[in-house]
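Student: Hi, I have this one open on my screen. Could you walk me through it?

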Amino acid sequence: QVQLVESGGGLVQTGGSLRLSCAASGITISTNSIGWYRQAPGKQRELVASSSGGGRSIYADSVKGRFTISRDNAKNTVYLQMNSLKPEDTAVYYCNVPYYDAWGQGTQVTVSS
């Protein structure tokens, strides 16, 4: 059974930083593509960043240059480093493994102006 557990969200001021973690069990992240999504109130869930099993990363235009997705294969964990946060980054952030259609429970990120 695939389980994904996100953590690291919280309240931060504009310009601040947070690092989100997604701890995986039931799969080996080194051989899977993994994505970070977010959903703000009243909006559709959107892809923020993804990392392929081969190490290629892509980012939404809105976060390029500010967010970085990375992996620690030894810990079976994927991270999302978020810098220069803006109020429009406020959302619930989820990690996803598309091959298994697996989602975590989400972690709230709130950026105050």
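**Charges over rings, and the rest of the fold**

Tutor: Happy to. Let's start with a side-chain detail: Arg19 lies over the face of Tyr79, 4.1 Å from the ring centre. Keep in mind that this is a predicted model.

Student: Which ring does the charged end of Arg45 sit over?

Tutor: That one is Tyr94, with the charged end of Arg45 3.8 Å from the ring's centre.

Student: And how are the rings of Tyr94 and Trp103 arranged?

Tutor: Their centres are 6.4 Å apart and their planes meet at 85 degrees, so the pair counts as edge-to-face.

Student: Is Tyr94 buried or exposed? And what about Trp103?

Tutor: Tyr94 is buried, at 14% relative accessible area. Trp103 is partly exposed, at 34%.

Student: OK, zooming out. How many helices and strands does the protein have?

Tutor: Zero helices and eleven strands. The C-alpha atoms fill a box of roughly 40 × 25 × 25 Å along the principal axes. The radius of gyration is 13 Å, which agrees with the value near 13 Å for a compact globule of 113 residues.

Student: What share of the residues count as buried?

Tutor: 40% of the 113 residues. As for contacts with a separation of 6 or more, 54% come from residues 24 or more positions apart.

Student: Where do the side chains of β1 point?

Tutor: They alternate along residues 3-7.

Student: Which way does β1 run relative to β3, and how many bridges join them?

Tutor: The two strands run antiparallel and are joined by five bridges. Ser7, for instance, has Ser21 of β3 as its bridge partner.

Student: Now the core. Which residues have the most contacts inside the largest nonpolar one?

Tutor: Trp36, Val48, Phe67, Leu80, Met82 and Tyr93, in a core of 27 residues. Among the elements that give two or more residues to this core are β3, β4, β5 and β7.

Student: What does Met82 touch?

Tutor: Leaving out residues up to four places away in sequence, Met82 touches Gly16, Ser17, Leu18, Leu20, Arg66, Phe67, Tyr93 and Val109.

Student: I also clicked on Val63. Where is that one found?

Tutor: Val63 is in the loop between β6 and β7. Even so, Val63 is buried, with a relative accessible area of 0%. Beyond residues up to four places away, Val63 touches Arg38 and Val48.

Student: Where do Ser84 and Asp101 lie?

Tutor: Ser84 lies in the loop between β8 and β9, and Asp101 in the loop between β9 and β10. Ser84 counts as partly exposed at 39% relative accessibility, while Asp101 counts as exposed at 58%.

Methods. Residues numbered from 1 in each chain as written. Predicted model: local features only at pLDDT ≥ 70, side-chain atom pairs only at ≥ 80, totals over all residues. Heavy atoms only, no water. Buried < 20%, exposed > 50% of the residue type's maximum accessible area, 1.4 Å probe, protein only. Helix = DSSP H or I, 4+ residues; strand = E, 2+ residues; numbered from the N terminus. Pairing = 2+ DSSP bridges. Core = buried A, V, L, I, M, F, W, Y, C linked by side-chain atoms within 4.5 Å. Contact = heavy atoms within 4.5 Å. Phe/Tyr/Trp six-rings, centres within 6.5 Å; stacked < 30°, edge-to-face > 60°. Lys NZ or Arg CZ within 6 Å of the ring centre and 35° of its normal. Rg over C-alpha atoms; globule rule 2.2 N^0.38 Å.
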